[in-house]
Amino acid sequence: MPSRNHLDKVGRKKKKKWTEEAMERALIEVKSGRCTVRQAAKEFGVPKSSLGDRVSGRVTPGSRSGPAQLITSADEELLVEFSLHMSKHGFPLTKQQLVSFASSIYKRQHRRVAFSKLGQTWWLNFRKRQEKNITIQPADNAVRGRTTCVRKEAVDQFLHLLSTVMDARGLRDKPHQIFNCNETGFQLGRKRVILPKSASLGYKPTPGSRDHISVLACFSAAGEEIPPFIIYSKAYPGGVCYKTQGPPNALYGWSDSGYVNSDLFKKWFLKHFLLHAPKGRPLLLIFDGHRSPLNLEVVETARSEDVVLLCLPPHCSHILQPLDAGLFVLMKQRFAALIGDGCATDTHFAVSKKEFSGVFKETYQVAKEEEGVRIVKEGYRKCGIYPLNPFAINEGHLMASHSMCPAAGPSLSTSAQGVHNVGELTAAGPSS
């Protein structure tokens, strides 16, 4: 982290008082023989030494002054385009995310250099160079904050964005190419039983003794599935039986929390979704990007593969997630019935990590049955996603736009200036 004195020096850095146009005109006069370097420098108001460097060839005309940029101007332009693209698809970047993406670009160009990430000095200079292209503003509290209510304005904006994307990419009548992925969790623990009060006094469950397992499921609006992604907490179960007993073609991973993270989502998208998705293009993938932060490689691959990534507003899963609207409830009821747990609404299940995949295989069959396919389609209809219908959502679940909910503190995000229509980005198709 640079010192405050250093940052102050960056802020107080003198701006050059001459323009590249004046330097070019002075260079032409000198090369034509009409002026000496001293005369041209005085006439056009440019430094004599800088003009001399360009005349002698030590400096290329049009090159920027000062130290070399850590990432090239071309890559920086792509980074700005990427930021605008993300913002218009519901993923406004924070400062930390943008610096992380820029660091990834630098690492790819300098693989042999020991490096962690770009620092504050790069960020300040980047903002100064790109002040005409992006603006930094506090994020909407109701967008990034944790809240218990959903603003009608946020839902309306998402459905308008969805309508624009569908029209631009010709997806209104292609349910096989519209996908939603969502995560549901299973808390593994002891089975709850009724005991006499005296018998229960001495029992104290060990903190952290329960395991958590998440399942990332993905279905199209036509009810077709991408095989599930099962995510264990802390480590895989011992042995390989969890793979042989699990659902066919399922993907497995683990994280400290047992939930999907950026690296796991990258693994799922690159090695699983693209492998099992239909070959027809374009594809639309709708998901909660606030819970599964994207990285640069996922977005680049999605654009090259003609997959449109669309982010749901946060805290709207009970309204806009098709799988939450019915299928996940049915799956947990089936899971509870298979292990003999009479409390189907309880999120704690008396099953071990090794046994989970085998039980879940039987549970997942419900999604392939006629009833499961019908429930998936009905979930899309209830959420107003397919067929696209803003009036399908229950107004009782929404809060008026002028009301505000308590939320977390503000953060920084990037937003585009001069780009007013997502169609300008989506209609152009994928870019490399």
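This is a predicted model: local features need pLDDT of at least 70, side-chain atom pairs count only at pLDDT 80 or more; totals for chains, interfaces and linings use all residues.
**Helix packing and a buried aspartate**

Leaving aside residues up to four places away in sequence, D75 touches I105 and Q109. Is D75 buried or exposed? Its relative accessibility comes out at 18%, and since buried means under 20%, D75 counts as buried.

The buried residues of helix 5 are D75, E76, L79, V80, F82, S83, L84, H85 and M86. The length of helix 5 can be checked too: at 1.5 Å a residue, its 16 residues should span 22 Å. The C-alpha atoms at its ends are 23 Å apart, which agrees with that expectation.

Next come the pairs of helices. Two packed helices are described by the angle between their axes and the distance between the axes. For helix 6 (residues 95–109) and helix 7 (residues 120–129), the packing angle is about 100 degrees, and the axes lie 11 Å apart. Angles of 65 to 115 degrees count as roughly perpendicular, so helix 6 is roughly perpendicular to helix 7. Which residues make the contact? Helix 6 brings K95, L98, V99 and A102, while helix 7 brings Q120, W122, W123 and F126. Sorted by class, the residues of this contact are six nonpolar, one polar and one charged.

As for handedness, the two helices cross in a right-handed way. On the helix 3 side, V37, R38, A40 and A41 take part, and they meet K48, L51, G52 and V55 of helix 4. The class count for this contact is five nonpolar, one polar and two charged residues.

Zooming out, how many helices and strands are there in the chain? There are 18 helices and nine strands. Of the 432 residues in the chain, 45% are buried, and D75 is one of the residues that count as buried. Contacts can also be sorted by how far apart the partners sit in the sequence. Among the contacts in the chain with a separation of 6 or more, 73% come from residues 24 or more positions apart.

Conventions: Residues are numbered from 1 along each chain as its sequence is written. Side-chain values use heavy atoms; hydrogens and water are left out. Axes are lines fitted to C-alpha atoms, for helices over the stretch in contact, and angles run from 0 to 180 degrees between N-to-C directions. Helices (H or I, at least four residues) and strands (E, at least two) are DSSP runs, numbered from the N terminus. Angles under 35 degrees count as roughly parallel, over 145 as roughly antiparallel, 65 to 115 as roughly perpendicular and the rest as oblique. Contact means heavy atoms within 4.5 Å. Ala, Val, Leu, Ile, Met, Phe, Trp, Tyr, Cys and Pro count as nonpolar, Asp, Glu, Lys and Arg as charged, and the others, Gly among them, as polar. Buried means under 20% relative accessible area, exposed over 50%, partly exposed in between (1.4 Å probe, protein chains only). The expected span of a helix is 1.5 Å times one less than its number of residues. A crossing is left-handed if the near helix is turned anticlockwise from the far one by less than a right angle, and right-handed if clockwise.
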